[in-house]
2 protein chains.
Amino acid sequence: MPIYTPPLRDQRFVMHELLGAVDELKAMPRYADIDADTVNHVIEEAGKFCAEVLLPINANGDAEGCAYDPSTHAVKTPRGFREAYDKFREAGWQGLAAETEYGGQGLPHLLQIALYEMQYSTNQSWAMYPGLTVGAYECLLVHGTKEQKDLYLPKLASGEWTGTMCLTEPHCGTDLGMLRTKAEPQADGSYKLTGTKIFISSGEHDLADNIVHLVLARLPDAPAGTKGISLFVVPKFVPTGKGAQAKVGARNGLHCGGIEEKMGIHGNSTCQIIMDGASGWLVGAPNKGLNAMFVMMNGARLAVGVQGLGITEAAYQNAVAYARDRIQGRSLSGVKNPDKPADPIIVHPDVRKMLLTARAYAEGGRAFAYWVALAADKQLHHPDETVRKDAADTMALMTPIVKAFMTDNGFQCASQCMQVFGGHGYVRQQGMEQLVRDARINMIYEGTNTIQALDLIGRKVLMDNGAKLKKFGKLVQAFIDEHGTTPAMNEFVTPLADLGDKVTKLTMELGMKAFQNQDEAGAAAVDYLRVVGHLVYAYFWAKMARIALTRIERDGDKVDPFYTAKLATARFYFQRLLPETAYHIRAARSGAKNLMELPADLF
Amino acid sequence: MPIYTPPLRDQRFVMHELLGAVDELKAMPRYADIDADTVNHVIEEAGKFCAEVLLPINANGDAEGCAYDPSTHAVKTPRGFREAYDKFREAGWQGLAAETEYGGQGLPHLLQIALYEMQYSTNQSWAMYPGLTVGAYECLLVHGTKEQKDLYLPKLASGEWTGTMCLTEPHCGTDLGMLRTKAEPQADGSYKLTGTKIFISSGEHDLADNIVHLVLARLPDAPAGTKGISLFVVPKFVPTGKGAQAKVGARNGLHCGGIEEKMGIHGNSTCQIIMDGASGWLVGAPNKGLNAMFVMMNGARLAVGVQGLGITEAAYQNAVAYARDRIQGRSLSGVKNPDKPADPIIVHPDVRKMLLTARAYAEGGRAFAYWVALAADKQLHHPDETVRKDAADTMALMTPIVKAFMTDNGFQCASQCMQVFGGHGYVRQQGMEQLVRDARINMIYEGTNTIQALDLIGRKVLMDNGAKLKKFGKLVQAFIDEHGTTPAMNEFVTPLADLGDKVTKLTMELGMKAFQNQDEAGAAAVDYLRVVGHLVYAYFWAKMARIALTRIERDGDKVDPFYTAKLATARFYFQRLLPETAYHIRAARSGAKNLMELPADLF
């Protein structure tokens, strides 16, 4: 049975010591009353919920999966999922970051992300149900009419109803311009939607009374391609009544046509949704649906990145416990455990390497993701327009990195932590192989990691001539300027500065090549994202090392060993993980020709 | 439904054009009569069998898995497995490389490896049953008494009985020195074995009349640790009669106590084998069991490496078919498919990168593995002692690289080829996620890839001061000397020579550090193996590029496009995959301190 301890100490470190989050939040009127105790209390309670309620139903959720009944089109979630969902709703977690006017708690996105992390560490499949509800809430909050908001937002904030996003169709996923679902206008201002959507996470289930689908479809006169896509809200049951008094009414003309058998996330229903004249209501402007949906997709991309983080943390904790407990072989540098027939495997350098890889990516990812979450709060709620604009730029630049870098790392770390278990990792009961299977989807959904890389290099970097990247570069430079002459910081600042220079040069070089031939950007994109990802992590690891060094200097032998471990992990990151950039820079610079010259029929 | 076309063209290229295998084989009296037609005919028929018989039962084998009946201790294999096994036996494939005196066909190991590759491409779970039988055959051939050989070898060569290797126990896998299974000598010269073995692949099933377990156990007076382990043959049914006339007799005192639920290879039974006074017979000398078992383990390690190759080829073929067929988005460098609403995804650079990664590792791996298989033939059958010794050194040095490098690549390639399918790769019906799950075990069993890396750097390289590695270095140097001045070969020879120099320097540096502290070897081992693996692949890719260039020069526009593709893939390998060594050299040189300084209780 897998274990999980909420990483409260490191979460507090990131929020308070690294980000100074409370002061940052207090600068926003919406969060003027926040204090450290509240923050700490919320994450502590959230951690308890995840460890006590979600973790125990993760393994059976995987083993049982969801069950589809073709006669009723109903989906039954695994044992315990409904009970956990009821507890979650009753405790008010669904509306953690939702507006108080819609019944939410009005707490920062930062805390939402901390909750997400722990949910994903303990039960990704389950956490996707409330996660998509948050996404639907945010999308309607921004793009819904007042009537739509009054109707749907309280239900979504309370979790009484859940949400989905319906984009993919059998013939199109990445390329939504080809989508075919039709929306016919009706005399009463509503629309009738007809079409088939696939891969709809949480599309049908038995957790809640109603499901609010946000559906991309085409109006009859819509232009071809992505400029002819509109967004509709299409509830499973058409609501009756208004606002908070609304109830579920008649069954709408849509049903679940089946669920997918998948590699992992078996506890989450991945549905085919068939609409046959289903009633829907336009959200936002006609033909601007993709823009509206991007609110939900960007939120989902951050959440998916945090899925990578959550799984990394869970895999790490379990692998450490196993590596301390399992005795096998002797330390190469001398017996460590003379009373026992073998040493615990944590004495072996490569076991430590696998563990430290997960640790460094988990802690680096936590610092990064929480910083981005704080930027989300600033973007929405900061009184200073410049701060809001900067935060928006941060969000835009960092979203594909959160999504792709953190999920690539999550899969790699889950796999490495499973490796620590040897053959025992491959059998189901340890729970490690489930983490690997669950982690694998995160590299695919919400835009494959290739799409994220193209988004980064194309839209986020080259399109504005690197302006957003330069903004981040200024943060890095300020840190280098401040600490570049501190001898103890040399081992961190030097490689950080070196990588910063290399990213600048690489970006210029790729920009010039892509100007000639856009395939050059495509050929470098995935390697480029990994390089920039490491620049970001190197920045945060250098900052964290500085805090640790300061504390070690101040407290000497009495220093909280948390800082000793932080410093050792920073060193590991710089010496063992960051050097990967040497490879990716070479690959990114090698050009498109080595990919494009082989004719398709010779593959 | 996954597809598979036997890669006959490339197999012939490797055997005939790259390795000149027929001439090499003809130099051995045992294979004096071999000719190219025989070789080609055998791989063609083997390919047919795999594509027509094994592939169609791979998906249902995964979905159904094996079923264990606790009341009878019997294991039922998935639908179709028994019928396929009967066909395999009847066609004589089981004894392909077995001695003619025991009813085998006496063909080279090279052809056995080619058969393995295609079996593993089409059905790894199924192929493990006959694969372990080959291993048991080889072990008894070397270490069995005449009586044991006369009794067991004909049954194993025909596949009438199957084999297993019983090493792991619940508390020990990597560290076999701790094993506890006991063997008590009996008056009749037999032994009674008592103990529990786990993770026994093919340990119980319904394919054959008897199962021949090769079991590691301790004699009553055995010294502690690995020097007190003996090998026993322990049949499921005790045979009656002698030699070819032997039949199954009484049920022996052992049974299957259960099978594991695993991440993949569901069609292969992974058994707990409980021995309760089971009759066994000593194989080889007392307390020398681990040495004897190493015959089987080394064979198994090569086979597992080839599992990595087989899965890579299968994943590649399916991903290419999907990438040609699936239309989605437009080429960044201009529309390629103006009549359709989108271009096939094979136009996208990163899709090509994922495909070419698998292609380059498959073709490079095939060249490498087949070369090692030819060395296996030389080691056993070459009349010249120096050749035999050189071949033995090659086998010793290359076995951990075959096992670890090829299985790491296999998992990575399966995952990348699955990524080509986007969300469709994550659902079961495409068969891609099964390849990823099946490929994952290969990094673990027969000695984890960390163990392989320690074997390489410790026993195979540093223990003889790099003598075996230098022998391989001479091959590389001879190639460089021959082609270093050919301008068209520059792009291959220069990086090959550069990497060769770097490996030499890295090896010396690590040797000196490990002399001070063995943890330094452990800390560098996994990165070191990847670097040496790339040196080997660079050598074979350079050789293959030379052949391709020669043909292109000779035939001009009329050249067989096979060579055009080979050259393009060689370029891809050198420009996109080999640069990974820049990372691993840095990581390997970074030392043990960054792994060892964190106290175990601070993890």
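This is a predicted model: local features need pLDDT of at least 70, side-chain atom pairs count only at pLDDT 80 or more; totals for chains, interfaces and linings use all residues.
Q: Which residue in β11(B) is the bridge partner of F232(B)?
A: β7(B) is also joined to strand β11 (residues 270-283) of chain B, by three bridges, and these two strands run antiparallel. Within β11(B), the residue that pairs with F232(B) through a bridge is L282(B).

Q: Which residues of β7(B) lie on the side that holds F232(B), and are they buried or exposed?
A: In a regular strand the side chains alternate between the two faces of the sheet. Strand β7 (residues 230-235) of chain B is mostly covered, since six of its six residues are buried. On one side are L231(B), V233(B) and P235(B), while the side that holds F232(B) is made up of S230(B), F232(B) and V234(B), and on both sides the residues are buried.

Q: Which residues touch the most other members of the largest nonpolar core?
A: In soluble globular proteins, nonpolar side chains tend to be buried together. The largest nonpolar core here has 430 residues. Y370(B), for example, touches V14(B), M15(B), L19(B), L110(B), I113(B) and A114(B), leaving aside residues up to four places away in sequence. The members that touch the most others are F232(A), Y370(A), F232(B) and Y370(B).

Q: What kind of rotation axis relates the two copies?
A: Chain A is superposed on chain B, with an RMSD of 0.0 Å, by a rotation of 180° with 0.0 Å of shift along its axis. The two copies are therefore related as by a rotation axis that is two-fold.

Q: Which helix gives the most to the side of chain A that touches chain B?
A: The contact takes 74 residues from chain A and 74 residues from chain B. Several helices of chain A each supply at least two residues of this side, among them α8 (289-325), α9 (349-381) and α16 (519-555). The helix that gives the most, with eight residues, is α17(A).

Definitions and conventions. Residues are numbered from 1 along each chain as its sequence is written. Chains are lettered from A and ligands numbered from 1 in the order in which they are written. A nonpolar core is a set of buried Ala, Val, Leu, Ile, Met, Phe, Trp, Tyr and Cys residues joined through C-beta atoms within 7 Å. A residue is buried if 20 or more other C-beta atoms lie within 10 Å of its own, exposed if 12 or fewer, and partly exposed in between; C-beta atoms are placed from the backbone. Two residues are in contact if their C-beta atoms, placed from the backbone, lie within 7 Å. Copies are superposed by least squares on the C-alpha atoms of residues with pLDDT of at least 70 in both. Helices (H or I, at least four residues) and strands (E, at least two) are DSSP runs, numbered from the N terminus. Two strands pair if DSSP finds at least two bridges between them.
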